Amino acid sequence: MADNRIVVLTTGGTIDKVYFDDMSRFEVGETVVGKILREGGVTFDFEVVPLMRKDSLQLTDADRAAIRAAVQVREESRVIVTHGTDTMVDTARALADVPGKTIVMTGALSPARFQASDAVFNIGMAVAAVQACPPGVWIAMSGQVFPWDHVRKNRGRNRFERTDD
């Protein structure tokens, strides 16, 4: 039943980055979200749908429109979008008026493949938020769940924080 299921749409970002070459450059690899959920022993039905493999700084308005379209056509009312952290709020803005869905965006400040990554925790936060929050767009990062329009990435402190505007 679609109403009890959570769909995870992946777009790339740091959460799925891998070392690309000996110069320590990264590129976005295959998503690890399904593995994280399986290893976490979740008992809900989920589907992981890879949409794209891009760093969020490379996302265009056309990419955001494609993400929005992918959210809209899903039967599920609960949607998690994994996304790069630099432009997560921009994509959240593009999703803000999608009706009847609880959309939670999350990502990571370091790749999930690293032992000291926030990725697993953030995925867990997103899973909890998508089940507990009312319809709308939310961002689950830095141990908190923020309304999309009251959060920013503080690059200097390498974390997300609430804004009052």
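Visitor: Is Phe46 buried, partly exposed or exposed?
Guide: This is a predicted model, so the value is computed from predicted coordinates. Buried means under 20% relative accessible area, and exposed means over 50%. Phe46 has 21% relative accessibility, so Phe46 counts as partly exposed.

Visitor: How does Phe44 count, buried or exposed?
Guide: The cut-off for buried is under 20% relative accessible area. Phe44 has 18% relative accessibility, so Phe44 counts as buried.

Visitor: What kind of aromatic pair do Phe44 and Phe46 form?
Guide: A pair of aromatic rings is described by the distance of the centres and the angle of the planes. The structure holds 1 aromatic pair. In that pair, Phe44 and Phe46 lie 6.0 Å centre to centre, with 65° between the planes. Planes over 60 degrees apart count as edge-to-face, so the pair of Phe44 and Phe46 is edge-to-face.

Visitor: How are helix 2 and helix 3 oriented to each other?
Guide: Two packed helices are described by the angle between their axes and the distance between the axes. The axes of helix 2 (residues 61–73) and helix 3 (residues 88–95) come within 9 Å and cross at roughly 50°. The crossing is right-handed. Angles under 35 degrees count as roughly parallel and 65 to 115 as roughly perpendicular, so helix 2 and helix 3 are oblique.

Visitor: Which residues in helix 3 meet helix 2, and how do the residues of the contact divide?
Guide: Helix 2 contributes Arg64, Ile67, Arg68 and Val71. Helix 3 contributes Asp90, Thr91, Ala94 and Leu95. The residues of this contact divide into 4 nonpolar, 1 polar and 3 charged.

Visitor: What is the phi of Ser142?
Guide: Most residues other than glycine have a negative phi. Ser142 is not a glycine, yet its phi is positive. Ser142 sits in the loop between strand 7 (136–141) and strand 8 (144–147). At 29% relative accessibility, Ser142 counts as partly exposed. The phi of Ser142 is about 55°.

Visitor: How far apart are the C-alpha atoms of Gly12 and Leu59?
Guide: Gly12 lies in strand 1 (residues 6–12). With 1% relative accessibility, Gly12 counts as buried. Gly12 and Leu59 are 47 residues apart along the chain. Their C-alpha atoms are separated by 9.9 Å.

Visitor: In what order do the elements of the chain run?
Guide: The chain has 4 helices and 10 strands. From the N terminus on, the order is β-β-β-α-β-α-β-α-β-α-β-β-β-β.

Technical notes. Residues are numbered from 1 along each chain as its sequence is written. This is a predicted model: local features need pLDDT of at least 70, side-chain atom pairs count only at pLDDT 80 or more; totals for chains, interfaces and linings use all residues. Side-chain values use heavy atoms; hydrogens and water are left out. Helices (H or I, at least four residues) and strands (E, at least two) are DSSP runs, numbered from the N terminus. Buried means under 20% relative accessible area, exposed over 50%, partly exposed in between (1.4 Å probe, protein chains only). Rings of Phe, Tyr and Trp (its six-membered ring) pair if their centres lie within 6.5 Å; planes under 30 degrees apart count as stacked, over 60 as edge-to-face and the rest as tilted. Axes are lines fitted to C-alpha atoms, for helices over the stretch in contact, and angles run from 0 to 180 degrees between N-to-C directions. Angles under 35 degrees count as roughly parallel, over 145 as roughly antiparallel, 65 to 115 as roughly perpendicular and the rest as oblique. A crossing is left-handed if the near helix is turned anticlockwise from the far one by less than a right angle, and right-handed if clockwise. Contact means heavy atoms within 4.5 Å. Ala, Val, Leu, Ile, Met, Phe, Trp, Tyr, Cys and Pro count as nonpolar, Asp, Glu, Lys and Arg as charged, and the others, Gly among them, as polar.
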